[in-house]
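Biologist: I am new to this structure and would like to go through it with you. Could we look at it together, one topic at a time?

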Amino acid sequence: MKNVVIGLLGKVKDSRGKGKKRWEQWRPTLGVCQQEDMPISRFELLYHPGELRLANNVAADIQTLSPETEVRLVPVELSDPWDFQQVYGTLLDFAENYRFAPEQERYLLHITTGTHVAQICWFLLCEANYIPAALLQSSPDRDQGNPAGKVSIIDLDLSKYDALSSRFQRRHLEGTAFLKSGIATRNHQFNSLIQEIEQVAVRSRAPLLLTGPTGAGKSQLAANVFELKKRRGSVRGNFVAVNCATLRGDSAMSALFGHQKGAYTGALQARKGLLAKADKGLLFLDEIGELGLDEQAMLLHAIEEKQFYPVGSDDPVASDFQLIAGTNQDLQAQVQAGAFREDLLARINLWHYALPGLKDRREDLEPNLDFELTKATEELGYKVGFNQQARKTYLDFALAAGALWLGNFRDLNASVQRMATLAEGGRITQDIVLKECQRLGRYWQRDTAPELPLLSDVLSEAQLAEIDVFDQYQLRQVIAICRQSRSLSDAGRQLFNRSREKKKSNNDTHRLRQYLAKFALSFDDINS
């Protein structure tokens, strides 16, 4: 494959030396064509028309030292080589009009000559693939005293550079770990979601929409995104968080957009709104679906125009904020019901991430439990932990199908706080865990009150006629727990959770199997 070099004429470096002495000087354009292990088939030499004489001299010297190299002189208008807009536009015109043939030719973009502005523009054009080339850098070889100097090729495919690739990968992993608050989560779907959020947070200023049930971690994730952006230098202002469910009537407009003195009854002085406070920073609007339609219209204007009108003011206020919106509602359904603006949803829905609840990330419960224990240790000032049996009991309960985790991570946080507070010397015992499991069970049962299954689904009329009403109610509860459980043994642990603690040998599976057999049923019959 032929090597083709593209480069600018070096007004100073390429004009070094006069007469015979010029052959003793390192001249970058000439040196590129003198590399024995890199023959150059063609050199596209760009020059300002006022430097034609120097361009001709350099082309003639190349022909003398490398007669196999064809030199094409390309005039480009660069009246001010330090004007970024002019230089970039001129080099872009060249790139768009050049007929590249990467299947037949290998292109090398010489970045040593020209101003620093030109070098930056070459890099940008190459990175954006306007020029399908590798970067070529030349330098003098002072140790060897060789006027040809030396060259190095820089391929912008960073995956070919182990050190750089490892560094970028490490930085990416550090970012995702930070967004997860350092928790070593195991759920593959959640980890993939966080990895993409890290990329978007670092590279984009567009709004993020976080959806998911209450307590799924939207607020904490928004705060972590802000801190990550701040670390990477993409925000300089403050993190401003507001729960839109707390905003009602005139106070909603005033809280978000501010007001002028005397704007309405009781407005005794001017107020700076939350959008203004978030200037150059990040605004987190939790429960955005609770905003009224008027507030939604003003918010849309503020996002698109980066300015808004405080209540009672004719003068706009500018605020360049980045937005994260959170909600546990179906905004598309609200659009259909006329409660949410379709144009606002379209604007904030560019990056939409649905955070799963804790019951859908059961493999992440144990690392989150350890995280909560660490927090409790920091807050209480002494180490908090389980004894071995207590930890096993708590995890068995927490991972069972009947553990609903209605408040998600808020439930887990509250649970650990209660146990840590009751733990003498920071040791959470079996007794503390059993009481906590009862407390959570009562709370979830009170809030759900599920319908028990019908026995007619698994028994015939003749069988039902032989069973007492008392036994029918008990059997319905047993069937409900079996259908929520992963296995017969899991169901047995829940059903015999008290009596099993008093036995030397626990065989809950056998006990449950025998109970079901009284009614000619099996675990598979119930779950088929």
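Biologist: How many salt bridges does a search of the whole structure find?

Modeller: The search finds 21 salt bridges, where a salt bridge is a side-chain nitrogen of Lys or Arg within 4 Å of a carboxyl oxygen of Asp or Glu. Please note that this is a predicted model, in which local features need pLDDT of at least 70 and side-chain atom pairs count only at pLDDT 80 or more, while totals for chains, interfaces and linings use all residues. Residues are numbered from 1 along each chain as its sequence is written, and side-chain values use heavy atoms, with hydrogens and water left out.

Biologist: Which residue forms a salt bridge with D431?

Modeller: The partner of D431 is K435, with 3.4 Å between the closest N and O atoms. Both residues lie in helix 16 (residues 430-448), four residues apart, which is about one turn of the helix. Helices here are DSSP runs of H or I with at least four residues, strands are runs of E with at least two, and both are numbered from the N terminus.

Biologist: Changing topic, what is the volume of the second largest pocket?

Modeller: The second largest pocket holds about 570 Å³ of space. On a 1 Å grid over the protein atoms alone, a pocket is an open set of points with protein on both sides within 12 Å along at least five of seven lines, a cavity is a set where a 1.4 Å probe fits but cannot get out, and lining residues have an atom within 4 Å of a point. Of the 28 residues that line this pocket, G215, A216, G217, Q220 and F409 are the closest to its centre.

Biologist: Which helix gives the most to that lining?

Modeller: Helix 7 does, with five residues. The elements that give two or more residues are helix 6 (188-203), helix 7 (218-232), helix 13 (365-380) and helix 15.

Biologist: Which residues of helix 15 are buried?

Modeller: They are F409, D411, L412, N413, S415, V416, M419 and A420. Helix 15 covers residues 409-422, and its end C-alpha atoms are 20 Å apart, which agrees with the 20 Å that its 14 residues should span at 1.5 Å a residue. The expected span is 1.5 Å times one less than the number of residues.

Biologist: And how many cavities of 30 Å³ or more are there?

Modeller: The count comes to two. The largest cavity has a volume of about 60 Å³, a volume being the space filled by probe spheres set on grid points that are joined across faces, edges and corners. Strand 12 gives the most to its lining, with three residues, and the other elements that give two or more are helix 6 and helix 7.

Biologist: Which residues other than glycine have a positive phi?

Modeller: Among them are S181, with phi near 60°, and E287, with phi near 55°. Most residues other than glycine have a negative phi. S181 lies in the loop between helix 5 (162-179) and helix 6, and at 29% relative accessibility it is partly exposed. E287 sits in the loop between strand 9 (282-286) and helix 10 (293-305); at 11%, E287 counts as buried.

Biologist: One last item: where does H110 lie?

Modeller: H110 is in strand 4 (residues 105-110) and is buried, with 0% relative accessibility. Its C-alpha atom is separated by 9.8 Å from that of L45, which is 65 residues apart from H110 along the chain.

Notes
Buried < 20%, exposed > 50% of the residue type's maximum accessible area, 1.4 Å probe, protein only.
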